[in-house]
Amino acid sequence: MLNQFELCSAPITAAAYEKCDSIVLFLCKECAPAVPQLELPVEVAKAVEAYLAAHDDIYDVGALTSFVLLTEGGLLQLLIAGCGEGSDCKPNNFRKAAGEAARALHKAKARQAVCAAPILLNPQRGFYAQALAEGLFLGGYTFNKFKSEAKEAPLCAVKLLSSAEDSAKLVEVAEIEAEAVCFTRDLVNNPGNVVTPQVMVEAALAMGKELPLEVTVLDEVLLKDRGMEAILAVGRGSENPPRMIALQYNGAGDAPYIAFVGKGVTFDSGGISIKPDDNMGEMKDDMTGAADVLGAMRAIARLGLPCNVIGVLACAENMPDGRAQRPGDIVRAANGKTIEVVSTDAEGRMVLADGVWYACRLGAKKVIDIATLTGAVIIALGNETSGIVANNDELVEQLKLAGKYAGENYWQLPALPECKEAIKSDVADLLNSAGRAGGVITGGLFIGEFVDKGLPWAHIDIGGTSTATKTEGVKVKGGTGFGTLTLIKLAGML
C-alpha cells in the first residue's frame, strides 16, 4: 500500500469489475475501437460507446472526463483518461494520465476501483502496466506532515487489468520504485530546520539496518583527516556540521562499481554571498541530489538488482556566520587542487568536488553526480528537462535511455574547451564560479576536475526540475524527486 492505493494486477475479465465503485479507462485515440474487448459491464460499455461516438476531443494527455452512472449495484464513477493520439501513445503519457486519475479517485473517495486500457490487451505491453502503476502511486502523493488537521483519502483497492503474464511482478516493482521517489520527495519537502546533514546520516543508517547496504559516515574530524577542505569550507558557517555519507550495494559480485554522488546542501542561504530573501525558503530543496541518491539506493537494494552501486551524499548547510568562508578565500580540495572562492553561493560544486573524489577512492569505475547546481539550467532548458555535462557520450546515452524509461527528460550540453578555460584562476588552480556565461557547463566541468582521470563521468543539473510549482501528471506541487527513477532504471540496465 502506498499513498492510500492498494494495487494488484488482474486478468481482463467481466468478473474483475464486480463490486467496484469506480472504473478508469485509459484511452489513446487509436486504441479506442478496442474498448469492447475490455469486458466492461453492459451499462458502462453502452455509456462509453455513446460518448466516444459523440466526442472526438477527449484524448489529450492527462485530460479527464468524468461520469456518474446509476447501475444495478448503485452509483458508479466512470473516468476516461486521455493518453494522446498517434505517436503520443507512449508509456510516459499513460503514466501522466494515471497521475491525474489518482487524484480524481481520491477526490471521489473511491474504495474499489478498476483500471483498464485497450493497450493492455496486448500481452507484450506489460511495461505500459508498470507505467500506469507508477503514475497512480506518484499522483496520489501528498505531503501534509505539518498540517494540524490533515485529512487523508480513504484506502482505495485498485485492480489493474492486464494480459501480460508478468503484470503482477511489474506492479510490485512499480510500487517499490514509486515508494523510493516518494521517500525522496518527503526529504525534499521537509524544511531546513528538520532535515540537516545529521538527519541525512540517520536516514542512511536506518536504511543500512533494513537493507543490504554498507553505510559509512565521515564526520568533520574524518573529513579533515582526508583533506576534504572543500566540503568543510562550505559547512563552516553552520552549527550543523557537514557529513559525507557512503552507501555501498553489492548485487553483482566482482563487477565494477558505478557511483551516484548527490549534492546535499540541506539549506542554502548563499553564505556570505547571501541570496535575496524572496523565495529563499525554497532553498530547503538544495539537497535534492543527495535525496535522489538515497531514494535510488533504497529501491536498488529492495529490488535486489544485479549491479554494484556506491551512493555518496555530500551534505552540508551553507550559512553565514563569523566562521563562514569568504569570497576570495582559497581552499584545497581532497585531490590536492586549490579553489579560489569567487562566490560562496557556488557551494554545491565544492561539496561535490570532495564527493566525487571520495567515490573514486571507494572504487567507482564510473561516476554520475546529480545536483540542483544552477539557475542557469532553467534559462537554458526550462523546468521539464535536466542538463547533462559529461566526458563520455556512451554514459550520457545510457542516462538518456534510463530517463526515457522513467519519463524524465535530459539534454547534453557541450563540454567546450573554452568553458574549461573560464574556470581557471590567476591565484589558484580553479575558480568556483565563472559567472553567468555557460554557467551550466562551467559548473559541471568544475566538478569533473575532481573525478579520477580517464573515468567515465556525467553531471546532471536538476536545478529546474527538482521542484514543481503546480500539480499535474505524476508531479505534485513541491519536491518532484526528479532523478530518483532515472538512477533506478539506470541501475537496472547495468
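Residues are called buried when their relative accessible area is under 20%, exposed when it is over 50%, and partly exposed in between (1.4 Å probe, protein chains only). The structure described here is a predicted model, in which local features need pLDDT of at least 70 and side-chain atom pairs count only at pLDDT 80 or more, while totals for chains, interfaces and linings use all residues. Residues are numbered from 1 along each chain as its sequence is written, and side-chain values use heavy atoms, with hydrogens and water left out.

A nonpolar core is taken as a set of buried Ala, Val, Leu, Ile, Met, Phe, Trp, Tyr and Cys residues joined through side-chain atoms within 4.5 Å. The largest such core has 94 residues, and Phe26 and Ile300 are those with the most contacts inside it. Helix H4, residues 167-189, gives the most to this core, with ten residues; helices (H or I, at least four residues) and strands (E, at least two) are DSSP runs numbered from the N terminus. A second, separate core has 51 residues, including Leu218, Cys419, Leu430 and Phe450. Contact here means heavy atoms within 4.5 Å. Leaving aside residues up to four places away in sequence, Ile300 touches Tyr249, Phe260, Leu305, Cys307, Val309, Leu487 and Ala491.

Side chains of opposite charge can pair when their charged atoms come close. A salt bridge is counted when a side-chain nitrogen of Lys or Arg lies within 4 Å of a carboxyl oxygen of Asp or Glu, and by this rule the count comes to 24. In one of them, Glu134 pairs with Arg95, with the closest N and O atoms 2.8 Å apart. This pair links distant parts of the chain, since Glu134 belongs to helix H3 (residues 126-139) and Arg95 to helix H2, 39 residues apart. Both Glu134 and Arg95 are buried. Salt bridges also link Arg95, Glu134, Glu177 and Lys489 in a network.

Other pairs involve residues with some accessibility. Glu421 and Lys424 meet through their side chains in a salt bridge at 3.0 Å, N to O. Glu421 is partly exposed because its relative accessibility is 48%, and Lys424, with a relative accessible area of 47%, is partly exposed too. A salt bridge at 3.9 Å, N to O, joins the side chains of Lys470 and Glu472; Glu472 is partly exposed, with a relative accessible area of 32%.

Cysteines were examined next, with a disulfide defined as a pair of cysteine sulfur atoms within 2.5 Å. A search of the whole structure finds zero disulfides. For Cys8, the nearest cysteine sulfur is that of Cys115, 10 Å away. Cys8 is partly exposed, at 36% relative accessible area. The sulfur of Cys182 is 16 Å from the closest cysteine sulfur, in Cys156, and is therefore too far for a bond. Cys182 is buried, with a relative accessible area of 5%.

Most residues other than glycine have a negative phi. Gln4 has a positive value, with phi near 65°. Gln4 sits in the segment before strand E1 (5-10) and is buried, at 15% relative accessible area. Lys109 also has a positive phi, near 60°. Lys109 lies in the loop between helix H2 (91-107) and strand E5 (112-116), and counts as exposed at 58% relative accessibility.

At the surface, Val68, Leu70 and Leu75 form a nonpolar patch with about 370 Å² of accessible area together. Patches are made of residues with over 30% relative accessible area and no salt bridge, with like charges joined within 9 Å and nonpolar side chains (Val, Leu, Ile, Met, Phe, Trp, Tyr) within 5 Å; accessible areas come from the Shrake-Rupley method with a 1.4 Å probe, and for residues only the protein chains shown count as cover. Leu70 is placed in strand E3, residues 64-71, and is exposed, with a relative accessible area of 70%.

Finally, Lys365 is found in strand E13 (residues 364-371) and is partly exposed at 48% relative accessible area. Not counting residues up to four places away in sequence, Lys365 touches Pro256, Tyr257, Leu455 and Pro456.
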